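Work through the exercises below with the sequence and the model in view. Each task is followed by a solution in steps.

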Amino acid sequence: VIQDQLQPHWLALVYLGIIATALPTWSQTVAQRHLSATEAAILYSLEPVFAAIFSFWWLSERLTLREGIGASLVLAAMIWSQLSSSSSQAASESSD
């Protein structure tokens with residue numbers, strides 16, 4: 001019974017398993033070798049923001065004001081954390 005239900009959808013399942021799951025996970029793992037733990041955590045926190053942006057563009061979904069404010073706050077926090085960490089690194093390097 002389950003095989004009969006899956007038969008017409010096997011190509012979509014293979015796509016979801018390989019292209020939408022395995023490939024992004026593998027590429028993210030490879031890319032994280034070149035990032036600090038803090039940078040990787042910041043990138044992970046941006047995943048819902050990117051999902052909302054792409055669903056807005058590709059699927060014509062609408063963002064509510066609350067969702068837009070939340071995405072803006074996450075982006076602002078990410079930029080602020082990167083700017084503050086780079087300025088603190090520059091200050092510590094100049095004091096050496």
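**Exercise 1.** Sort the lining of the largest pocket by residue class.

Solution. The lining has nine nonpolar, four polar and one charged residues. Ala, Val, Leu, Ile, Met, Phe, Trp, Tyr, Cys and Pro count as nonpolar, Asp, Glu, Lys and Arg as charged, and the others, Gly among them, as polar. A pocket is an open set of points on a 1 Å grid where a 1.4 Å probe fits, with protein on both sides within 12 Å along at least five of seven lines; lining residues have an atom within 4 Å of a point. The largest pocket holds about 400 Å³ of space. Of its 14 lining residues, P24, Q28, L43, Y44 and E47 are the closest to the centre. Helix α2 gives the most to the lining, with eight residues.

This is a predicted model: local features need pLDDT of at least 70, side-chain atom pairs count only at pLDDT 80 or more, and totals for chains, interfaces and linings use all residues. Residues are numbered from 1 along each chain as its sequence is written, and side-chain values use heavy atoms, without hydrogens and water.

**Exercise 2.** Compare the span of α2 with the expected value, and locate its kink.

Solution. Helix α2 (a DSSP run of H or I, at least four residues) covers residues 10–32 and has 23 residues. Its first and last C-alpha atoms are 32 Å apart, close to the expected 33 Å, which is 1.5 Å times one less than the number of residues. A kink of about 30° lies at A22, shortly before the proline P24; the bend is the angle between axes fitted to the seven residues ending there and the seven starting there.

**Exercise 3.** Describe the ring pair of F54 and W57.

Solution. F54 and W57 form an edge-to-face pair, 6.0 Å centre to centre with 70° between the planes. Rings of Phe, Tyr and Trp (its six-membered ring) pair if their centres lie within 6.5 Å; planes under 30 degrees apart count as stacked, over 60 as edge-to-face and the rest as tilted. Because F54 and W57 are three residues apart in helix α4, about one helical turn separates them.

How values were computed. Helix = DSSP H or I, 4+ residues; strand = E, 2+ residues; numbered from the N terminus. Points joined across faces, edges and corners; volume = space filled by probe spheres on them.
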